[in-house]
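Please keep the sequence and the coordinates open beside the text while reading.

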Amino acid sequence: MCIRDSEYYDQPPPIKLTYHTPAGRAVTAIHTPDFFVIRAQRAGWEECKTERRLQALAEAQPERYRLDAGTWQCPPGERIASAVGLYYRLRSSAGIDWVFQRNLRFLADYLSPLGDPVADASHREILSLVPERGPAILIEILDQLCETRVGELYALIAR
């Protein structure tokens with residue numbers, strides 16, 4: 001998800017979802033999605049749930065939650081959204097790259113544009129240790145650093 005190209009508004013105003021129970025009874029639910037997201041080409045509501053919770057909800061409310069070709073869907077939300085030219089997306093915890101999330105948490109202090117600048121000499125030294133093609137192993141770069149502070153390396157990675 002590209003954060004720079006999107007605006008996220010948490011707990012937007014509720015929407016009304018209509019669907020049927022497994023017994024066939026019509027149900028209307030007032031639902032507050034987790035986010036309203038505005039992107040350059042589209043906008044819509046996004047709901048986030050754990051994979052386990054989605055599986056339980058799909059069993060209890062199959063017309064509201066379903067897994068179709070590996071993608072979780074909320075047909076009542078999708079109907080409401082498409083009627084006004086928006087989208088409704090149901091996100092599962094199974095789609096989260098947990099390594100990336102841990103890396104973001106680790107680098108959080110270095111992500112601020114107001115962070116300390118990286119000295120030109122440090123910048124050059126770090127770049128000289130990174131191969132032109134292919135991945136670099138962080139521990140190998142850390143072992144080769146001479147005058148550069150480790151924080152400057154992490155700042156460059158984050159930026």
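**Confidence and overall form**

Among the elements of the protein chain, helix α5 (residues 138-144) has the lowest mean pLDDT, at 82, whereas helix α2 (residues 75-83) has the highest, at 98; pLDDT is the predictor's confidence in each residue, on a scale from 0 to 100. Helices (H or I, at least four residues) and strands (E, at least two) are DSSP runs, numbered from the N terminus. The model is predicted, and local features therefore need a pLDDT of at least 70, side-chain atom pairs count only at pLDDT 80 or more, and totals for chains, interfaces and linings use all residues. Residues are numbered from 1 along each chain as its sequence is written, and side-chain values use heavy atoms, with hydrogens and water left out.

- Over the protein chain the pLDDT averages 89, and 94% of the residues score at least 70.
- Where pLDDT is low, the predicted coordinates should not be read in detail.
- The protein chain contains 6 helices and 8 strands, which follow one another along the sequence in the pattern β-β-β-β-β-α-β-β-α-β-α-α-α-α.
- Taken along the principal axes, the C-alpha atoms fill a box of roughly 70 × 25 × 25 Å.

**Burial, surface and contacts**

- Buried residues make up 32% of the 159 residues in the protein chain, where buried means under 20% relative accessible area, exposed over 50%, and partly exposed in between (1.4 Å probe, protein chains only).
- The protein chain exposes about 11000 Å², of which carbon and sulfur atoms supply 54%; accessible areas come from the Shrake-Rupley method with a 1.4 Å probe, and for residues only the protein chains shown count as cover.
- Among contacts between residues at least 6 apart in sequence, 51% join residues at least 24 apart, a contact meaning heavy atoms within 4.5 Å.

**Strand β5 and its partners**

- Strand β5 (residues 43-49) has 5 of its 7 residues buried, so it is largely enclosed by the rest of the structure.
- Strand β4 (residues 35-39) pairs with β5 in the antiparallel sense over 4 bridges, two strands being paired if DSSP finds at least two bridges between them.
- A hairpin of 3 residues joins β4 to β5, and I38 has A43 in β5 as its bridge partner.
- Strand β8 (residues 87-92) pairs with β5 in the parallel sense over 6 bridges, with E47 standing opposite L90 in β8.

**Two helices with a buried side**

- In helix α1 (residues 51-60), L54, L57 and A58 are buried; they cover an arc of only 100° around the axis, which puts them on the same side of α1, where the arc is that of the directions from the helix axis to the C-beta atoms.
- The buried residues of α1 pack against β5, β7 (71-73) and β8, while the face turned away from that buried side carries the exposed residues R52 and E59.
- In helix α4 (residues 120-129), S122, E125, I126 and L129 are buried, and their arc of only 95° around the axis puts them on the same side of α4.
- The buried residues of α4 pack against α5 and α6 (150-158), whereas D120, R124, L127 and S128 are exposed on the other side of α4.

**Individual residues**

- A26 lies in strand β3 (residues 26-31), counts as exposed at 51% relative accessibility, and touches Y19 and H20, not counting residues up to four places away in sequence.
- P22 lies in the loop between β2 (15-20) and β3, counts as exposed at 61% relative accessibility, and touches A60 and P62, again not counting residues up to four places away in sequence.
- Most residues other than glycine have a negative phi.
- Q11, in the loop between β1 (6-10) and β2, has a positive phi of about 50° although it is not a glycine.
- A69, in the loop between β6 (66-68) and β7, has a positive phi near 55° and is likewise a residue other than glycine; A69 is exposed, with a relative accessible area of 79%.
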